[in-house]
Amino acid sequence: MTRKILFVFLIFLQTAVIINGQETMSLNDCMLYAIKNAPKAKIRWAENDNLQADYRDAALKFAPDIYGVVNGTANFGRSIDPETNTYANYQNFSNNYSL
C-alpha cells in the first residue's frame with residue numbers, strides 16, 4: 001500500500017515540476033497559439049500567398065514589356081582568291097543591337 005502511495009506521489013511531483021517549468025498562457029495567448037498552429041490556417045495562409053502572387057502577376061501584365069538583344073558574330077577562314085590564285089585569310093566581325 002505504501003508503494004502505491006509513493007508511486008502516486010512521485011507522479012504528482014513530476015507533473016507539478018513539468019507544469020511549473022512551463023509558461024502560463026492567458027486565454028488570448030492560447031487562442032492565438034491555436035490559430036497559428038492550426039493546419040487549416042496554415043493551408044489558408046499558403047493559399048492567400050498564392051493569390052497575392054497571382055494578383056501581382058495580373059497587375060504586371062498591364063505594364064509594357066521591353067526586350068533588348070545584343071548579338072556578336074566572329075567569322076574567320078581561308079580561301080583561294082580566284083584572281084591571283086593564292087590563299088587569302090578572311091576575318092569578319094559583325095554585331096547587332098535591337099530593342
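## Surface and overall make-up

The chain exposes about 10100 Å², and carbon and sulfur atoms supply 61% of that area. The model is predicted. Of the 99 residues in the chain, buried residues make up 2%.

Among contacts in the chain with a separation of 6 or more, 27% are accounted for by residues 24 or more positions apart.

## Secondary structure

Three helices and two strands form the secondary structure of the chain. Read from the N terminus, the order of the elements is α-α-α-β-β.

Helix 1 covers residues 2-21 and includes Val-8. Together with Phe-7 and Ile-11, Val-8 makes a nonpolar surface patch of about 300 Å².

Val-8 has a relative accessibility of 55%. Val-8 therefore counts as exposed, because the cut-off for that class is over 50% relative accessible area.

## The strand pair

Strand 1 spans residues 69-81 and strand 2 spans residues 86-98. The two strands pair in the antiparallel sense, with 13 bridges between them. Within this pairing, Phe-76 stands opposite Gln-91 of strand 2. In a regular strand, side chains alternate between the two faces of the sheet.

Strand 1 and strand 2 form a hairpin with four residues between the strands. Asn-85 in this hairpin takes a positive phi near 60 degrees.

Key
Residues are numbered from 1 along each chain as its sequence is written. This is a predicted model: local features need pLDDT of at least 70, side-chain atom pairs count only at pLDDT 80 or more; totals for chains, interfaces and linings use all residues. Side-chain values use heavy atoms; hydrogens and water are left out. Two strands pair if DSSP finds at least two bridges between them. Patches are made of residues with over 30% relative accessible area and no salt bridge: like charges are joined within 9 Å, nonpolar side chains (Val, Leu, Ile, Met, Phe, Trp, Tyr) within 5 Å. Accessible areas come from the Shrake-Rupley method with a 1.4 Å probe; for residues, only the protein chains shown count as cover. A salt bridge is a side-chain nitrogen of Lys or Arg within 4 Å of a carboxyl oxygen of Asp or Glu. Buried means under 20% relative accessible area, exposed over 50%, partly exposed in between (1.4 Å probe, protein chains only). Contact means heavy atoms within 4.5 Å.
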